[in-house]
Every structure is written in C-alpha cells, then in structure tokens.
Amino acid sequence: MKALIIGGGVGGPTMAMALRQAGIESVVYEAYETPSDYTGLFLNTASNGLDALRAIGVDVAGRADGFPMPRMVMWSGSGKRLGEVANGVRLPDGTVSVCVKRGLLQKVLREEAVSRGIRYEYGKRLESYRTVGGGVIAEFSDGSTAAGDVLIGADGIHSRTRRILDPASPEPSFTGLVGVGGYSRVPGLAPTTGTQHFVFGRKAFFGYLVRESGEIYWFANIHSATEPTRESLAAEDWKRRLTELFADDLPLINQIIAGGAGPIGAHLVHDIPTSAVWHRGPVALIGDAVHATSPSAGQGASMACEDAVVLAQCLRDLPDPASAFAAYESRRRERTEKIVAYSRKLGTGKTAGPVARVFRDLMMPVALKVFAGERSHAWMYTHHIDWEASAA
Ligand SMILES: Cc1cc2nc3c(=O)[nH]c(=O)nc-3n(C[C@H](O)[C@H](O)[C@H](O)COP(=O)(O)OP(=O)(O)OC[C@H]3O[C@@H](n4cnc5c(N)ncnc54)[C@H](O)[C@@H]3O)c2cc1C
C-alpha cells in the first residue's frame, strides 16, 4: 500500500513515521516551497501526545528543547493568587507535559521522518484529487500529480482535503478570542521553573513563563465579539494596545510586553467542534483538518499525533482502507470532540465582565481545590495507545 500524506506540519510527519512502522510506504506533500519552520509561538505538547509519539519510537521532548511544565498558577489581575492546576499527569515512566516552540517541534518531527527514509516533497499544494479504481490521484497547484492507494489529509485547520472530501464541511468557527504572543526579557525576573503563570486581567488574559536563560514566553487572549479580519490584526500596534489593556493589572505584565524581543504575533482563535465526514473512499483526515481545537487545553499537536498513530495501527491491522478508516473514526471521534469542547469552555472563562470577575475571584480558589486535582484530567493526559495490540 502507498499513502499520500497532504501536509508536513505536526500530524503529517507523525503519520508517515507511524505508517513506516506499520510497513506502509508514504510520501509527505507540503505546500510550502522549502522547510519553513514557523518559529512564532510556543505550545504545550501534553503527556498523552509524547506518549503517542513514543509508541512509534519518537522522543521529541529533549530534541525540541522541550522543558517540563507540570504546574499552572492562576492569578487575578490585581495580583491575588487564585490557585494552582496540574498541567497534565505524570505518567508512570515519568513523562510530563512539555512546552516547545511550535516551529522546533515541527522541525524535529520532519528531521526524524527524513532520517527514517521518508520522502518529503515541497511546493506541493493540494488543489484537488480524484478517485480511480481503488486508489486516488492527487493534483497539485503546480500542475503535477501523484498516485496512491490512500490519501491522508493532514493539512491543518483550513484543510483543502476536507473541503474536497465534504464540500458541506463546516468552516472553522471563531471562538471569540484573538491570540497574541511573543518572547521577551525582563532583567532580574527569576525563572518560573516547572510553572506557567496565568493572569485573569480586567480586560484580557495573560500567560507567561520564564526560562532559566531569562527568556520569557508570553501570550495574551483578547475577547472580540465579532471576528476581526486578518488585515486588521496585521495592522494593529499590538504593543500599544496590550499596554492599554493591561494598564490596571499586575505591573509585571506590561514590563514583559515592554521587554519584547522580536515581533508580536497575532492570530484568530478558531476551532472545529465536529466534522460530519472523517473519511470517504480512499481518503481520510487527521489532526486539525478534522477536529481543530483552540489552544486553551494545550492539546492540538497531541491530538494530531494520537490520530496518526491510531490510523496507522488500523491500516496495519484491518483488511482494507474502508474498514481501517471506520475503525479509526470510531476510536477517535468522541475523544477529540470532547477535547475541542473542553478547550472552547476554558477559553470562554478567560475574560469576564466586572460582576463575573468578582464572583470568579471568590469562587476560583475553592473550585480549583475541589475540581482541578491531577486526577480530574487524567482522561485527557493518561490516554495510552498500545501499538503492539491489534486494532482488528
Ligand atoms: C498560536 C497557537 C498556539 C497553539 N498552542 C497549542 C498548544 O498549546 N498545544 C497544542 O497541542 N497545540 C497548540 N496549537 C495547535 C497546533 O499547532 C496544531 O493543533 C497542530 O499543529 C495540528 O497539527 P496538524 O498536523 O493537524 O496541522 P498543522 O501543524 O497546522 O500542519 C498542516 C500542514 O499542512 C500544510 N498545508 C496546508 N494546506 C495544504 C495543501 N493544500 N497542500 C499541502 N500542504 C498543505 C501546511 O503548510 C502545514 O505544514 C496552537 C496553534 C496556534 C496557532
């Protein structure tokens, strides 16, 4: 069997490596002209995502400069400590969630895939595909084509594969949040070893951590009742806007923003709560292409990795792609939709009006103690894929 994998982000190379481990050949087709590792922001690779990668012998945490981030501490804008939440669960082998620069994670996965003999082709933007006999022919915008037995769309939240597979598939939905972030330095600020801090500011939400080197990773979430255009985000003077938004909150926030090194990135936060069609004929979707999650739960990359490993296992063990794709969907749909919904809920709690803010500041310390223990999120973080077990 030969698989055509569309997209070389996080899910694409993981899919290719998992297929190789299952004895299935694949090629990764990436729209970018060259390996273009987006180095803008950072993300959480959760213990369950690291565990999925380990199932196929990939250990990214150390190689992608990942650093353990087991604790999250919550603050009100006025500086009241609201409580603490575990960022995942320590797995029996000691694995904990790590924070990595998104581009570096992608780069390490790509390099690992290439070192395992997987072919990448760049400048291959999927335009269309057609099914022929039992297989599929991908058509790229440069006029070239490629033939395979199956095609796997790992082409992210704005997936072209999804659009062709199901023209009625939902558009990514705006969550009401704009995400902004960057890197900074504030002389004298101590490292926040193992801890990420989150501040529920009066007008916006702020998160930061300080590495041993003094480098600060930070982001802000701003509520927006209507969906801004990308052009308006690009035109915004973010330093000025953020400084105004956080003027009445902990002064440290504006010190971090002022100490910014490099550009401030801004993006619309979208998700895809459900997709009716996950596969059809020889084509299936994985990762953000089928169930994009907002970043609040820190699970997007991990979900793409889990999908890839499960789909490869199903293709390995079931007699034909149709039954493999059906088994894959039945193992993945409920879990991924639950995580997208959970992440959306976390996002809506990030900004609040004055009354809700008072209530939140009073209740959160109690709620975190009662409901946010390590075990309460074990369903998300301890999910394990037994690669040796049969998917049949
Ligand atoms: C600011 C931000 C913060 C985030 N924070 C977190 C976090 O804390 N934790 C977490 O787990 N996740 C986070 N995410 C989400 C995470 O990056 C994605 O969920 C994850 O990368 C999904 O992997 P994927 O392979 O499905 O898609 P992607 O990694 O987006 O890869 C898609 C690839 O497909 C390529 N492509 C697109 N169209 C085509 C086409 N037509 N033909 C060929 N190739 C194409 C793209 O160029 C890209 O390389 C965050 C995302 C953002 C934007």
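Visitor: How do the residues of the shell around the ligand divide into nonpolar, polar and charged?

Guide: This is a predicted model, in which local features need pLDDT of at least 70 and side-chain atom pairs count only at pLDDT 80 or more, while totals for chains, interfaces and linings use all residues. Residues are numbered from 1 along each chain as its sequence is written, and side-chain values use heavy atoms, with hydrogens and water left out. Ala, Val, Leu, Ile, Met, Phe, Trp, Tyr, Cys and Pro count as nonpolar, Asp, Glu, Lys and Arg as charged, and the others, Gly among them, as polar. On that basis the shell divides into 12 nonpolar, 12 polar and 7 charged residues.

Visitor: Which residues around the ligand are the closest?

Guide: A residue belongs to the surroundings if one of its heavy atoms lies within 4 Å of the molecule. By that criterion 31 residues surround the ligand, and the closest are Gly-11, Glu-30, Arg-102, Gly-300 and Ala-301.

Visitor: Which element gives the most residues to the shell around the ligand?

Guide: Helices (H or I, at least four residues) and strands (E, at least two) are DSSP runs, numbered from the N terminus. Strand E3 (42–45) and helix H9 (300–317) each supply at least two residues of the shell. The element that gives the most, with 4 residues, is H9.

Visitor: How much of the ligand's own accessible area does the protein cover?

Guide: Polar contacts are pairs of N or O atoms within 3.5 Å; within protein, one must be able to donate a hydrogen and the other to accept it, and residues adjacent in sequence count only if both atoms are side-chain atoms. Oxygen atoms of the ligand lie 2.7 Å from a backbone N or O atom of Ala-301 and 2.9 Å from a polar backbone atom of Asn-44, and a ligand nitrogen is 3.2 Å from a polar backbone atom of Ala-31. Of the 990 Å² of accessible area that the ligand has on its own (Shrake-Rupley method, 1.4 Å probe), the protein covers 87%.

Visitor: How many disulfides does the structure hold?

Guide: A disulfide is a pair of cysteine sulfur atoms within 2.5 Å. The number in this structure is 0. For Cys-99, which is in no disulfide, the nearest cysteine sulfur is 15 Å away and belongs to Cys-305.

Visitor: How many residues apart are Lys-101 and Glu-215?

Guide: A salt bridge is a side-chain nitrogen of Lys or Arg within 4 Å of a carboxyl oxygen of Asp or Glu. The side chains of Lys-101 and Glu-215 meet in such a bridge at 3.2 Å, N to O. Lys-101 is in strand E7 (residues 98–101) and Glu-215 in the loop between strand E15 (205–210) and strand E16 (216–223), so the pair links distant parts of the chain, 114 residues apart.

Visitor: Which parts of the chain does the pair of Arg-202 and Asp-249 tie together, and how many residues apart are they?

Guide: Arg-202 forms a salt bridge with Asp-249, the closest N and O atoms being 3.1 Å apart. Arg-202 lies in the loop between strand E14 (195–200) and E15, and Asp-249 in the loop between helix H6 (238–245) and helix H7 (251–258), so the parts tied together are separated in sequence by 47 residues.

Visitor: What is the phi of Asp-65, and where is this residue found?

Guide: Asp-65 is not a glycine, although its phi is positive, at about 55°. At 37% relative accessibility, this residue counts as partly exposed. Asp-65 is found in the loop between helix H2 (47–55) and strand E4 (67–68).

Notes: Buried < 20%, exposed > 50% of the residue type's maximum accessible area, 1.4 Å probe, protein only.
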